[in-house]
Amino acid sequence: MAAEVKTQEDAQKMQELQGFITHLDEQEYPHSYLIAVLHKAQDLFRYLRKDVMNEIARLTETPISTVWGVATFYHYFNLEPRGDYVISLCLGTACYVKGAEKVLETLKHELGVEVGGTTEDMKFTLLTTRCLGTCALAPVMMINGKVYSQLTKKKAISLINKLRHTETEE
Ligand code: FES
């Protein structure tokens with residue numbers, strides 16, 4: 001039985017996922033095939049929901065344990081919902097020495113979440129990461145793929161406030 005879809009938007013996304021699966025050549029690389037499907041699902045739904053993974057198992061005729069195993073093995077798959085803005089603050093050595101920890105405390109306080117947490121309004125997820133390769137600009141953080149450098153507590157707060165009032169693009 002097909003997984004329950006909750007909204008019309010969900011139904012459209014599920015249809016797009018189904019089309020994507022149909023056009024993949026699963027015979028060639030069975031393992032990367034499943035990874036590609038999971039990536040597509042994550043792009044569409046922003047994280048790998050249980051009902052979506054069930055549907056992937058059904059559509060690809062793959063045991064759910066295999067789908068789940070791949071989804072949990074790779075760190076880039078999210079099994080929990082994430083906010084519109086995913087903040088990754090670097091805690092690598094250069095950033096740490098230049099005060100990243102103070103910025104982290106400020107972000108935690110400002111957002112009201114711990115590392116790994118998402119704000120109740122689903123606007124922000126706070127993560128930490130290792131060296132982003134821009135040590136000369138330390139401390140740095142990445143928000144939805146964009147790097148923000150030479151952070152101070154004040155700069156972090158002003159950035160969060162600005163994003164709070166900005167609509168994200170899907
Ligand atoms: S340590 Fe943070 S960018 Fe290198």
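1. On helix α4, the face turned away from the buried side carries Ser65 and Phe73, both exposed. Exposed means over 50% relative accessible area, buried under 20%, and partly exposed in between (1.4 Å probe, protein chains only). Helices (H or I, at least four residues) and strands (E, at least two) are DSSP runs, numbered from the N terminus.

2. This is a predicted model, where local features need pLDDT of at least 70, side-chain atom pairs count only at pLDDT 80 or more, and totals for chains, interfaces and linings use all residues. Residues are numbered from 1 along each chain as its sequence is written, and side-chain values use heavy atoms, with hydrogens and water left out.

3. Which residues of α4 are buried? Val67, Val70 and Ala71 are, in a helix that covers residues 64-73. Seen down the axis of α4, the buried residues fall within an arc of 100°, so they line one face of the helix. The arc is taken from the directions from the helix axis to the C-beta atoms. An α-helix has 3.6 residues a turn, so residues three or four places apart point the same way.

4. Four strands form an open sheet in the order β2-β1-β3-β4, with mixed pairing. Strands pair if DSSP finds at least two bridges between them. β2 (124-129) and β4 (146-148) stand at the edges with a single partner strand each, so one side of each has no neighbour in the sheet.

5. β3 (residues 141-143) pairs with β4 in the antiparallel sense, over three bridges. Met141 has Tyr148 in β4 as its bridge partner.
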